[in-house]
Amino acid sequence: MSQDCFICSNHKGEFLTAGTTIYEDDFIYVGHIDKGSSPTYLGHIMIDLKRHAPELGDMTAEEAKAFGLMMARVSRALTEVEGAEHVYSMVSGNSVSHLHMHIVPRYPNTPRKYWSPMELNEWAEAPKGIGNEITEVCLRIKEYLEVTPYD
């Protein structure tokens, strides 16, 4: 872990964030984005590599398998449990040099002009929440992952 990395610090429990851990193993951590006291787009999930590594190409084969499988499983959970009609995924690495992937659902009736993972937050009627609302999403996804096998 890196001393000056936000994601490493978060994994060490140095920040209090809304929600609960959705999934964690030796390679990855899955949780919900949290914007503190500002409402957060519900279902915006982060998959973090546990080891401090900046880019996709820096993963080991075991990390890549765990990361890729979880991308698919979380995307399926957002569709089946949260009712997403489409799921975006993106890695930019511009702000934090620690590999993390954004998994962002697009819900039914989202106007076409907001059909982008970066634009969804701009929609005034986007489903947003804080605190318990985020925790409820996390618990539904966590339960889905625990009880639904991935074949």
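This is a predicted model: local features need pLDDT of at least 70, side-chain atom pairs count only at pLDDT 80 or more; totals for chains, interfaces and linings use all residues.
Helices first. Two packed helices are described by the angle between their axes and the distance between the axes. Take helix 2, residues 61-80, and helix 3, residues 132-147. Their axes come within 10 Å. The crossing angle is roughly 120°. Anything from 65 to 115 degrees would count as roughly perpendicular, and over 145 as roughly antiparallel. Helix 2 and helix 3 are therefore oblique to each other. The crossing is right-handed.

Who makes the contact? From helix 2, we have Met70, Arg73, Val74, Arg76, Ala77, Leu78 and Glu80. Helix 3 answers with Ile141, Tyr144 and Leu145. Sort these residues by class, and you get seven nonpolar, three charged and no polar.

Now the empty space. Rolling a probe the size of a water molecule over the atoms shows where it is left. The largest pocket has a volume of about 700 Å³. Its lining has 29 residues. Which sit closest to the centre? Phe6, Ile33, Asp34, Met46 and His102.

Several elements supply at least two lining residues each. They are helix 1 (6-11), strand 2 (28-32), strand 4 (45-49) and strand 6 (100-106). By class, the pocket lining has 14 polar, twelve nonpolar and three charged residues.

Methods
Residues are numbered from 1 along each chain as its sequence is written. Side-chain values use heavy atoms; hydrogens and water are left out. Axes are lines fitted to C-alpha atoms, for helices over the stretch in contact, and angles run from 0 to 180 degrees between N-to-C directions. Helices (H or I, at least four residues) and strands (E, at least two) are DSSP runs, numbered from the N terminus. Angles under 35 degrees count as roughly parallel, over 145 as roughly antiparallel, 65 to 115 as roughly perpendicular and the rest as oblique. A crossing is left-handed if the near helix is turned anticlockwise from the far one by less than a right angle, and right-handed if clockwise. Contact means heavy atoms within 4.5 Å. Ala, Val, Leu, Ile, Met, Phe, Trp, Tyr, Cys and Pro count as nonpolar, Asp, Glu, Lys and Arg as charged, and the others, Gly among them, as polar. On a 1 Å grid over the protein atoms alone, a cavity is a set of points where a 1.4 Å probe fits but cannot get out, and a pocket is an open set with protein on both sides within 12 Å along at least five of seven lines; lining residues have an atom within 4 Å of a point. Grid points are joined across faces, edges and corners, and a volume is the space filled by probe spheres set on the points.
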